[in-house]
Structure formats: structure tokens, C-alpha cells
Amino acid sequence: MEKTKVVVAGAGFGGVSAASKISQIIPDVDLTIINNVDFHEYHPDLYELVGISRGIDDIKFSSVLKSLTDIPLKKIFPQKVSLIKAIVREVNMEKKFILAEGREYKYDFLVLSLGSETFYYGIPGAKEFSLPLKTSTDALKIRDEITRLIKTKDNDIKIIIAGGGFTGVELAGSIASFIRKKKRKSYKISLSIVEGSNNVLPGTAEQVRQGIQKQLQNLGVGLVFNSFIARVEKDKVVTQEGLEIPFDLLIWTTGIEGEGVKKIVGEKETKKQKIEVNPDLSTIDFPEVFVVGDMADIKNGDGRSIPATAWAAIGEGEIAAENIKRRIEGKKPILYHPNEPIFVVPCGPFFALAIFGSFLVSGILGWIIKRGVALKYFWSVLSPTEAIKVWILGFWVYFMNDL
Ligand SMILES: Cc1cc2nc3c(=O)[nH]c(=O)nc-3n(C[C@H](O)[C@H](O)[C@H](O)COP(=O)(O)OP(=O)(O)OC[C@H]3O[C@@H](n4cnc5c(N)ncnc54)[C@H](O)[C@@H]3O)c2cc1C
């Protein structure tokens, strides 16, 4: 009898979680993972790479830093799984195949988890004159650019972070501590967050916003609220309110989009650049196609879309895997219910704010919880030896940097 063919497109949090579970719970499966790079990226620590002050021009050290967030897929899936490094160009749900680098991959079941891209809201100049933070390469590029400015500019250096969400806040904390280490007495460096709403981390609890805002102020980060960027020029942002803020470096962290999704999957299946799914995470028209992570439009109990987070993607991947097994066995699928994760917001040396349920801890305890969450994740995807190796190296590098 022919094995069931399952293809997982994208090896991020959703894809790795789905593929790991599929290989554990479906014994006779022909599993293929297609990803554009041969590693899985641990996004929650990307901000750390930006702020590492030692080994700036050392290429060898840069690859050590990349190894802290970029986990080789062959270490996660040492056997039984076909790993294909290729860019997915088309998903043909009618004919049940994926086109990647000119080759067709047929499937019986498909898990789509290609993530998202940085969203520039169509703001003129935003993409052209800013740097994003989505990969370890982006992180090291930001670090290099700050270093270049420190080396070459002989007057004030102005850095703006567009967006005071999680990425913006984490990045600000990291850059602030980098500056603290690199700053020579004669230099003036200013770092500001420009945010459209009236606080950082819009949508989170009051005590979280206040705790992080206080920490940012302690670190000397300027906060510009109620300011929507209307256009970006080579050396300044102009807000809708008419404010002009000059910069030497602009980092763009405001939101994510799935414009690529439309191109790959087609207009029909795409809604607001995401793919709408049923409560069992299968697509509306194709029960053998499951969508997880940032690509999926999943509503929670009150009808609002679930925020795009790694922890949501992991949970969704597991449910998609379970439902593929159930489909094969002719059983009823289970429905996805998001659970409350521990959420941790790091901001500056040895500081993070961690919230679980109604508990909130901050400072070094939050920092320790952040490292604990990383260990838990590495442990879940790697062998114990590999997990401990990558975690200890990361712990050492980040600890020494924060001292
Ligand atoms: C800087 C940063 C920090 C973050 N911090 C946190 C955090 O602390 N906690 C948290 O919960 N969430 C965090 N997130 C959000 C979280 O990373 C995402 O929500 C999560 O990665 C979504 O998982 P995914 O599987 O949908 O996509 P991803 O993890 O992005 O995976 C998508 C995969 O598909 C691959 N891919 C994309 N296009 C193609 C293509 N055409 N062909 C082949 N392969 C392709 C990509 O290379 C990638 O491997 C952070 C995100 C960023 C950018």
C-alpha cells in the first residue's frame, strides 16, 4: 500500500511543530518539508543579536551568533523526513501539488506555514529607507549599521524605531544597551520609538505598558506617541500630524503582512492577505489543506483574529498534525482553542517582564524566565544534547553582553 504523502510548506514555528508531531503520531507517512533556507529561525532572540557589542568585525563570531537563532533543520529532523531547500512558488489546491523551484510536489495532505513579511502600509519611502528585523541576517545588518555610524559620523547619531509593539520595544532595549557600551564621551546618540497609539505595546494590560514604558525611559529611549508616519525621506520621517523627525538609521517594526501568500495561493483562498480556516484549521474549500501560523486567519471565541505569535503557531501545528491523523483514520477532527501562553517582553540588560495568567514578574526574574522559555523550546525540537549546547552558548553570550 502506498504511504500517505504529507507536505509541510515552511519550517518556522508552525511547520516544525506540525512536522514533528506528524512524524511521531502517523507511523506510515511519506513526509516532505519544503523551506527556502536549511534552518529554522528562533525569532524571539533576534533582538539579542542586534545588541551584542563584542566581535563586531569578526566574521567567525557573526556565524556563532547566527547559530544561536538559526537551527539546522537536519538537527531537528535527523531521519525519516525529506528536507527540501526550495522556494515555494505556487500551491495548486485543485490539483493537489506544490510548485517549488520548477518541481511539482504532490500531496495527500498539506500543511501551509510560510509565515509573513514586514508590512509597510504602503507608506512612501518606508521600505526604501529603513531596515526590517525578520531574520538573523537583518539583526546583524542593523548591528553593523549602528557600528558604521559610530565609526564614521562625527556628530550626533539619531536612530528611530518605527513601531512600539513587541519587536520595537525589545529592539529598543537591546540597542540602548549596545549604545551604552559603545558610546564614547564626545558622542551623542539618540534612540526613539515612534508609535501611532498613545503608549507602547498597544492592546496589552495597563501594568505591562507602564512597566515597559518606565524601563524604556530608564534606558534613555525617547518615546514619540500619537504619531502616524505618513512618509519617509532619505533622512527623516514625516508624520500625519506634520512632525518631521530626522534619522541616520530607521528600523521598521510596524506589523506584518502576507502579500506573498496571495501570489502563491491565489486570490480566491486569500482574505486580507491571510488564509481563512475552519475551526479544525483546514481551509474552507479544501479539507486536506491545513494552514497554521502567521498565514492563517484564525478567530478566537469573541470573533477577533488570534495575534500572530510563535506560541500560537506551535499549538496550531500540533492540531493540524492531529487532524491529518484523524482524517486518515476516518475520525472526527478536533477543534483548535488557543491557550494562554506565558508571554515575556525583554527590554534592556537583565530585564524582562513576564506574564502568566494573573502573575506578573519583572527584572532579572523575568530575564531568567525568558531564558527558561528558550530552553523549553530548544528541548522540544532538538535532542537533549543539542538543545543544551545551543542554549548554554546563548545563555553565555547574552549573559556576558548584559554584564
Ligand atoms: C523579531 C521578531 C521577534 C518575535 N518575537 C516573538 C516572541 O518573543 N514570542 C512570540 O510568540 N512570537 C514572536 N514573534 C512572532 C513569531 O516569530 C511568528 O508569529 C512565528 O514565527 C509564526 O510562525 P510561522 O510558522 O507562521 O512563520 P515563520 O516562523 O516565520 O516560518 C515561516 C517559514 O517559511 C519559510 N518561507 C517563507 N516563504 C517561503 C517560500 N516562498 N518558500 C519556502 N519557504 C518559505 C521561512 O523561511 C520560514 O522558515 C517574533 C517575530 C519577529 C520577527
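**Close-up 1. The shell around the ligand.** Four helices and strands, α1 (13-25), β2 (29-35), α6 (166-182) and α9 (310-329), each give at least two residues to the shell around the ligand. Helices (H or I, at least four residues) and strands (E, at least two) are DSSP runs, numbered from the N terminus. This is a predicted model, in which local features need pLDDT of at least 70 and side-chain atom pairs count only at pLDDT 80 or more, while totals for chains, interfaces and linings use all residues. Residue numbers start from 1 along each chain as its sequence is written. Around the ligand there are 30 residues, of which Gly10, Gly12, Gly14, Gly115 and Gly293 come nearest. Here a residue is near a molecule or strand if its C-beta atom, placed from the backbone, lies within 6 Å of it. By type, the shell holds 16 nonpolar, 12 polar and two charged residues. Ala, Val, Leu, Ile, Met, Phe, Trp, Tyr, Cys and Pro count as nonpolar, Asp, Glu, Lys and Arg as charged, and the others, Gly among them, as polar. Domain 1 (4-118 + 256-340) and domain 2 (134-252) each provide at least three residues of this shell.

Close-up 2. The chain is divided into domain 1 (4-118 + 256-340) and domain 2 (134-252), with bounds that come from an automatic or database domain assignment. Their C-alpha centres lie 31 Å apart. Look for 16 residues of domain 1 in contact with 17 residues of domain 2; a contact is a pair of residues whose C-beta atoms, placed from the backbone, lie within 7 Å. On the side of domain 1 that touches domain 2, α2 and α3 each supply at least two residues. The most comes from α2, with five residues. This side of domain 1 is made up of seven nonpolar, five polar and four charged residues.

Close-up 3. Helix α11 (residues 384-402) has 19 residues, which should span 27 Å at 1.5 Å a residue, and its end C-alpha atoms are 26 Å apart, which agrees. The expected span is 1.5 Å times one less than the number of residues. Buried in α11 are Ala387, Val390, Trp391, Gly394, Val397 and Tyr398. Seen down the axis of α11, its buried residues fall within an arc of 135°, so they line one face of the helix; the arc is that of the directions from the helix axis to the C-beta atoms. A residue is buried if 20 or more other C-beta atoms lie within 10 Å of its own, exposed if 12 or fewer, and partly exposed in between, with C-beta atoms placed from the backbone. The face turned away from the buried side of α11 carries the exposed residues Pro384, Thr385, Ile392, Trp396 and Met400. Among the elements covering the buried residues of α11 are α2 (46-50), α3 (59-69), β4 (70-72) and α10 (364-381).

**Close-up 4. Two loop residues with positive phi.** Most residues other than glycine have a negative phi. Glutamate 101 has a positive phi, near 50°, and sits in the loop between β7 (97-100) and β8 (103-106). With 12 C-beta neighbours inside 10 Å, glutamate 101 counts as exposed. Phenylalanine 350 has a positive phi near 50°, in the loop between β24 (343-346) and β25 (352-356). Phenylalanine 350 is partly exposed, with 16 other C-beta atoms within 10 Å.

Note on methods. Two residues are in contact if their C-beta atoms, placed from the backbone, lie within 7 Å.
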